[in-house]
Amino acid sequence: MVSNGTEARIQPRCDELAARILDGAKVAGWKIAAAESLTGGLLADAFVRIPGASDVFLGSAVTYDINAKASVLGVDGDLLAQEGAVHPEVARQMALCTSRLYRQPQYGDKVLGLSTTGVAGPGPDGDKPAGLVYIGISVPANSDMDTRRTVAAELRLFGSREEVRRLTVLNILRFVTQLTTLTEE
């Protein structure tokens, strides 16, 4: 369980970032979709907590099971068999695949794909320690970029299982603001 102090510190920042990202995406004509593993819907919650999110946020595929990452999202099954689900290329593929999964003719290729995968804890998963997390983002092409940009980042988080999950959400929202112009004034 997340201590009240930690949640009180994290939630307002998540709300602020999610609102800014949603507003920026709306202005840019983008939609947002997520593929979640360790966050199990918390990333989706960060967006749907914000009034008006339905104008931009399309949904989240919670693919907690390794096989679901391949069958639902389309992540490379050989990669998953070799590396497991906690790997930067898995996060990158999850982000790209979710942007494709939620693509609709009326949106074109303007779906911002986000992903989370990792070990929330309390203990390690094989040789991967609790708190090892990978987040992915697949940014649509815009006037500044000719092609879609898809990247992943590694996080090393500390705390309880719930703190790791909530800190993952906070960090991916920060990651979006760093890699896009959605929240610039």
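Strands E3 and E4 run antiparallel and are joined by six bridges. E4 also pairs with E5, again antiparallel, through eight bridges. Keep in mind that this is a predicted model.

**Strand E4 and its partners**
- Gly-113 has Ser-138 of E4 as its bridge partner, while Ile-137 is bridged to Val-151 in E5.
- Eight of the eight residues of E4 are buried, so the strand is largely enclosed by the rest of the structure.
- Leu-132, Tyr-134, Gly-136 and Ser-138 point one way from E4, and Val-133, Ile-135, Ile-137 and Val-139 point the other way.
- In a regular strand, side chains alternate between the two faces of the sheet.

**Nonpolar cores**
- The largest nonpolar core holds 40 residues, and Ile-32, Phe-47, Leu-112, Leu-114 and Leu-173 have the most contacts inside it.
- Elements giving two or more residues to this core include helix H1 (4-28), strand E1 (31-36), strand E4 (132-139) and helix H6 (161-179).
- H6 is the biggest contributor to this core, with nine residues.
- A second, separate core has 12 residues, including Ala-33, Ala-35, Val-90 and Tyr-102.

**Leu-42 in helix H2**
- Leu-42 lies in helix H2 and counts as buried because its relative accessibility is 15%, below the 20% cut-off.
- Setting aside neighbours within four places in sequence, Leu-42 is in contact with Glu-36, Arg-165, Arg-166 and Val-169.

Note on methods: Residues numbered from 1 in each chain as written. Predicted model: local features only at pLDDT ≥ 70, side-chain atom pairs only at ≥ 80, totals over all residues. Heavy atoms only, no water. Core = buried A, V, L, I, M, F, W, Y, C linked by side-chain atoms within 4.5 Å. Buried < 20%, exposed > 50% of the residue type's maximum accessible area, 1.4 Å probe, protein only. Helix = DSSP H or I, 4+ residues; strand = E, 2+ residues; numbered from the N terminus. Contact = heavy atoms within 4.5 Å. Pairing = 2+ DSSP bridges.
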